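Me: I am new to this structure and would like to know what stands behind the terms used for it. Please show it, and then I will ask.

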Amino acid sequence: MPLLNVEHMTHFFAGLRAVHDYSIRIEPGEIHGLIGPNGAGKSTIFNLITGVFKPTEGKVFFLGKDLIKLPPYEIAALGLGRTFQNLRLWRHMSVLEHIKMAQFSQITYGLIGAFFGTGKRNRQEKENTEKALKIMDLVGIGKLADQLVPNLPYGLQRRVEIARALAVNPKLLLLDEPTAGMNTEELINLINIIRHIHERTGVAILLIEHRMKFVTDLCERIQTLDFGEIIAEGNAEEIQNNPKVIEAYLGKGVKT
Amino acid sequence: MKTTGQVPAEQNKFKTYRNKLWAPYRQVPILGWLLGMLASAILETFTGTYFALVFGMSDIPALFGFTVVIKQPLLIPGVITYILIIYVLPIAIVARLTRSLTNYIAGKLQEYPFWISAVMHIVLFYFIINTWAVMNDYRVLLAKLMLIAIIVTLSLNVINGYMGEFSCSHPGFIALGAYTASILTVLFFVNDSVLGAALLPPALAPFLFPVVLILGGLLASLFSLLVAIPAFRTRGDYLAIISLAFTFIIKSLLENLQIFGGARGFMNQPDLATLPVVFLWTVLSVWIINNFVRSTLGKALNAVRDNETAADAMTINTKKTKMTAFMFAAFWAGIAGGLFAHVMRYVNPGSFGIKKLAEVLAMVYFGGLNSVVGSIVGAVGFNLLSEMLRPTQIFKWIIIPVLLILVMIFRPTGLIAFREFDPKKLLRAKNKMEEDK
């Protein structure tokens, strides 16, 4: 059974067709890339999969479950962690609090536990803290636990987002332009971190990217999107040599 | 250049002198301060009247002499000496002298479960308030109202601070709690001309009073859904308007219910909200609310406030979280309302209108958003200030708003905002901390 199976998904914003007939199958442990020029509908696809928007047509299955009727938080709890293109961190919270917050669905002590500070609550909070610290070590931000997120440099904020997405216990990780605004050094760092995460946890990854180096280094399969439609699909080499892709990125009339 | 070089030197001298004087007090644990306050309160009980007469006052100054000074500025030196002799010196001396003893006790208590230490401190604190207040009926009333204000402010902070919604519905919740509790106690425990003879023996009243208060809280909690459900779809200004409408609806509803006195109000509540009762409820509310906002379930409110989309994507059920916050806050507002009604022993719809709202909002924003300590400081500070400035009459309503504006300019989120309150840290011994450094 594929981990994620999207079939013929189409979405309209009012009259505008943002995504047309999009399909993807991701097996456990795979790394997929999704590239395309600005406004091609890449982030919209993420939002459709995670339930922020509901597709006008088409089907989305995750682990065989139909996601169309589920609210975003339940979809996330099934094992779908994501990051955002422009960081969406909680500006008054520390790094540790971010990671612990993403374990929300794993909390079982309930309101009574929260109100009266029961033993169960304290035990679970402690366990969650330990789990969170492990995740932070994995991403290389283990020493920043008590830092407030707005005080961190941009590259580290990106990592906090990835760590937070990992705390959901994901089987599939959706990374939306994780290298946006990064320099080459940070980029290589991030490639190593994502490889490390993939090796250690075996989580499947779907990532949106602009930078070819990042995508070709990491991804086994790449889809290219333009005006909401898939124009090419294949491995890194096939994509790089595909005339349609070159046309979408560079325009017509360029010789290769 | 020379002069600019000299000024910092002199400032430094002053600073080192101040630091030297203050240094021993950094190591005084809370227990030491409490002992000092107790000593001061006991001293005032026995010698307060005497000193007050010596310094030209007719009676013990109820609120640290502020009201006296405003009425008769000539008494300023006397009042200052009184404050020094009765409050400042005893607290300073006792705190300093018992420093090693209190540190030893606080250190020993850390070895036992935390609740033992907490209960000890709370009991001691209650004795201080009680000793200080019973000298004067006015002080008792003020202490009760301040404690109730703490509950109200904290509960509003849950919505406006922790969850970041601008809700104006609190007077409505308070009114619901106040009327529910009043009607129930009068119906069951009082021979009333409107609601008939007492259904239960009045001797039972103190024991069933908590149940009555909780029922009031639950009703407020239920009605809070009327504001919480629109909050799923709207935020900011629109929710403010909806919640304001809620307050007005509750107020006019009560004004038109003639059976409960209508606009004239509802009275004859039995005297159940004594100082220890109010104190206990306040401690309970601070404890529970603080527990809640420090747990991950409570911090979900902050996540919803700072970025709702991210909260949704991180498995947080945002609708449920909003509902919980509103119901929880309304519950405590209802409790506070019930206590308020039984302190005043009279309620009328007029006291739950726009003026109450302004007062509650001022306390929250003055004290500090997203902070339990801030709410306590805000509630106590605002009430003290408003009572101290009472003799200035109409000027009070110029001074307080100006102060509020200043706070908003220099500390936009309030005096003590975004700080976590850890009772364990507060109560621990202070000498060990120095060693760690």
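Me: What is the hand of the crossing of α7(B) and α12(B)?
Reply: The crossing of these two helices is left-handed. This is a predicted model, and the hand is computed from it.

Me: Why are α7(B) and α12(B) called roughly parallel?
Reply: Helix α7 (residues 137-162) of chain B and helix α12 (residues 275-294) of chain B pack at an angle of about 20°. Angles under 35 degrees count as roughly parallel, and α7(B) and α12(B) are therefore given that name. Their axes are 9 Å apart.

Me: Which residues make the contact, and of what class are they?
Reply: From α7(B) come, among them, B:V140, B:L147, B:I151 and B:Y162, while α12(B) supplies residues including B:F279, B:W281 and B:I289. By class, the contact has 16 nonpolar, two polar and one charged residues.

Me: How do you know that β4(A) pairs with β1 and β5 of chain A?
Reply: Two strands pair if there are at least two bridges between them. Strand β1 (residues 4-13) of chain A and strand β4 (residues 57-62) of chain A have five bridges, in the antiparallel sense. Between β4(A) and strand β5 (residues 65-66) of chain A there are two bridges, again antiparallel, so this pair meets the cut-off of at least two. A:F61 is the bridge partner of A:N5, and A:F61 also stands opposite A:D66 in β5(A). In the hairpin of β4(A) and β5(A), with two residues between the strands, A:L63 takes a positive phi near 55°.

Me: What makes β6 and β10 of chain A edge strands?
Reply: The open sheet has six strands in the order β6-β7-β8-β3-β9-β10 (chain A), with mixed pairing. β6 (80-82) and β10 (229-234) each have a single partner strand, so one side of each is left without a neighbour in the sheet. On average, neighbouring strands are turned by 20° against each other, direction ignored.

Me: What is the partner of β10(A), and which helix lies across the two strands?
Reply: Strand β9 (residues 221-226) of chain A pairs with β10(A) in the antiparallel sense over five bridges. A:I222 has A:G234 as its bridge partner. Helix α10 (residues 243-250) of chain A lies across β9 and β10 of chain A, at about 130° to β10(A).

Me: How many residues are in contact between chains A and B?
Reply: 30 residues of chain A are in contact with 25 residues of chain B. The chain A side divides into 17 nonpolar, five polar and eight charged residues.

Terms used: Residues numbered from 1 in each chain as written. Chains lettered and ligands numbered in written order. Predicted model: local features only at pLDDT ≥ 70, side-chain atom pairs only at ≥ 80, totals over all residues. Contact = placed C-beta atoms within 7 Å. Nonpolar A, V, L, I, M, F, W, Y, C, P; charged D, E, K, R; others polar. Helix = DSSP H or I, 4+ residues; strand = E, 2+ residues; numbered from the N terminus. Axes fitted to C-alpha atoms, helices over the stretch in contact; angles between N-to-C directions. Parallel < 35°, antiparallel > 145°, perpendicular 65-115°, else oblique. Left-handed = near helix turned anticlockwise from the far one by under 90°.
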